[in-house]
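Open the model in your viewer and get ready to select residues by number.

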Amino acid sequence: MNMKAVFSFFMFNIIWILVVLSMAVVIFLMLRTFVWFSFGGDFLFSLDDIRRAYRISLFAGPICGSGSWLIYYRHYRSYK
């Protein structure tokens, strides 16, 4: 395995962590907005939601990143 493959592995994981983090924050924001419009009351988007999204992204990001890197690397090796 060369340095390009190792570098791409880390980049896939970092990018997936950022993507999952942004998706989780947007989903939490949409859910809070839906509850606010549906049931009324105060809009409660707190720092705990961002912490939950961060924990979710640290767990799911490397799983998705490693899986997509494996698919990429198999395709790369088959045409090399």
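A patch is made of residues with over 30% relative accessible area and no salt bridge; like charges are joined within 9 Å, and nonpolar side chains (Val, Leu, Ile, Met, Phe, Trp, Tyr) within 5 Å. A salt bridge is a side-chain nitrogen of Lys or Arg within 4 Å of a carboxyl oxygen of Asp or Glu. Accessible areas come from the Shrake-Rupley method with a 1.4 Å probe, and for residues only the protein chains shown count as cover.

This is a predicted model: local features need pLDDT of at least 70, side-chain atom pairs count only at pLDDT 80 or more, and totals for chains, interfaces and linings use all residues. Residues are numbered from 1 along each chain as its sequence is written, and side-chain values use heavy atoms, with hydrogens and water left out.

**Stop 1: the surface patch**

Select Met3, Val6, Phe7, Phe10, Met11, Ile14, Ile15, Leu18, Val19, Met23, Ile27 and Leu31. They form a nonpolar surface patch with about 1200 Å² of accessible area together. Now pick Phe7, which sits in helix H1 (helices, H or I, are DSSP runs of at least four residues, numbered from the N terminus). Phe7 has a relative accessible area of 56%, so it is exposed (exposed is over 50%, buried under 20%, partly exposed in between; 1.4 Å probe, protein chains only).

**Stop 2: ring pairs**

How many aromatic pairs does the structure hold? There are 5. Rings of Phe, Tyr and Trp (its six-membered ring) pair if their centres lie within 6.5 Å; planes under 30 degrees apart count as stacked, over 60 as edge-to-face and the rest as tilted.

Select Phe9 and Trp69. Their ring centres are 5.2 Å apart and their planes at 80°, so this pair is edge-to-face. Phe9 is in helix H1 and Trp69 in helix H2, 60 residues apart. Trp69 is buried at 8%, while Phe9 is partly exposed at 26%.

Next, take Phe12 and Tyr72. This pair is tilted, with 5.6 Å centre to centre and 35° between the planes.

**Stop 3: a serine inside**

Go to Ser57 in helix H2. Is Ser57 buried or exposed? Its relative accessibility is 0%, so Ser57 is buried. Beyond its neighbours within four places in sequence, Ser57 is in contact (heavy atoms within 4.5 Å) with Ile17, Val20, Leu21 and Pro62.

**Stop 4: the loop**

Finish at Phe43, in the loop between helix H1 (3-39) and helix H2 (47-78). Phe43 is partly exposed, at 38%. Leaving aside neighbours within four places in sequence, Phe43 is in contact with Leu29, Arg32, Thr33 and Trp36.

Terms used. Helices (H or I, at least four residues) and strands (E, at least two) are DSSP runs, numbered from the N terminus.
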